[in-house]
Amino acid sequence: MEAEAQFIHYQLKEAMPSLMKEGQQNDGRALYALGQIFLTQGIYTGDTRTLLRSMAAFSKGKEDSEEKVLCRSACCTMEVGGLSRTGKTEDDVAMADALSRMAEGGDVLAMTEWAACLLYGTGTEKDAEESLSWLHRAASQDYWLARLRLLQTERLKEDRESRRDVFNQANHLALMGVPDGEFYLGECYEAGWGTEPAWNKAVHHYERAYSLGNPAAAMRLANGYLRDTGNEESEAKAMEWLRLADEKGNGEASYRLGKVYASRGEKEKTWAAVSRACLRNYPAGVFAAGFLQMAGCGTKQDEKQGMIKIRLAAQMGYIPAQMYLKNPENMAERLIHDWNV
């Protein structure tokens, strides 16, 4: 169908009206495409409602359509613990068998989901090399999701050939208008993966990624400019990108803003930023919020609530919080200095 072809080639605006209409008629392939679109949007924005729309589309396709296997495979991957499932139930085996036959028949969507089954051992034996082979076949037909999964798989490797492939896939995705393509292309130029390192080119692609809806690019830009210490222009740009990342809900950005405000002695702004990092479950932010609350810095002093936060940060595996609980006296002097208490 035309809408499915548009989805495959990342022409999402053009595809959406038909996909919505076909999804309302319980067309499993349309529901699968809608689920992938909502999932990507939800990951970018952190919007729980969009993520729930994704699961709802997959679940409806799994239960109500005649062709269930694509949506069922997507549900397996999204389920809590889904990536480590053994995948030995009868339903999983039947799903994997159907996906395998569809993939062999040339179905590009099934190729990508069959690759996931092989990677995670859902309904079949794990086979990472075979999984990669199927992703390559799907990517060769210009399916954006296959290219993205292929890039993310190759990105974990450290050899030169894999990093060159990451660069090539990122470049192709960027040309298709996929935000993650621009983001990973920026990463390639920043780190020198498959190309010569070039911060100015990294900035261009990170800015493009952000403009297309990928909020993680703002934090990459902020961190890059923060490395250029002593340069007033870079520091101003870092603050600008930190604020944008903070507005998009990035806990690290909230925490880093708090550190900047603390260095300036702006205690109320420090507390406001750190408390946002805490609410976003950023471990360093949870610990800092606990310490500031115990000290009454920028907020009303509350030692009980402060200690609760510090213990929570320790439970999250944050080592400075664990060290503080073991020996608060040794940590206090450094924390007082760090947060300008």
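Me: What makes a residue part of the lining of the largest pocket, and which residues lie nearest its centre?
Reply: In this predicted model, the largest pocket is lined by 33 residues, and Leu 39, Ile 43, Leu 148, Arg 149 and Gln 152 lie nearest its centre. A pocket is an open set of points, on a 1 Å grid over the protein atoms alone, where a 1.4 Å probe fits and protein lies on both sides within 12 Å along at least five of seven lines, and a lining residue has an atom within 4 Å of a point. Among the elements that give two or more residues to this lining are α3 (28-45) and α9 (144-154).

As for the numbering and the limits, residues are numbered from 1 along each chain as its sequence is written, and side-chain values use heavy atoms, with hydrogens and water left out. Local features need pLDDT of at least 70, side-chain atom pairs count only at pLDDT 80 or more, and totals for chains, interfaces and linings use all residues.

Me: What is the volume of the largest pocket, and how does its lining divide by class?
Reply: The volume is about 850 Å³, where a volume is the space filled by probe spheres set on the points, which are joined across faces, edges and corners. The lining divides into 19 nonpolar, 10 polar and 4 charged residues; Ala, Val, Leu, Ile, Met, Phe, Trp, Tyr, Cys and Pro count as nonpolar, Asp, Glu, Lys and Arg as charged, and the others, Gly among them, as polar.

Me: Which residues lie nearest the centre of the second largest pocket?
Reply: They are Tyr 10, Leu 12, Lys 13, Gln 41 and Leu 212, from a lining of 14 residues, and the volume of this second largest pocket is about 350 Å³. By class, its lining has 7 nonpolar, 5 polar and 2 charged residues.

Me: What is the mean pLDDT of the protein?
Reply: The mean is 91, and 96% of the residues reach 70 or more, on a scale of the predictor's confidence in each residue from 0 to 100.

Technical notes. Helices (H or I, at least four residues) and strands (E, at least two) are DSSP runs, numbered from the N terminus.
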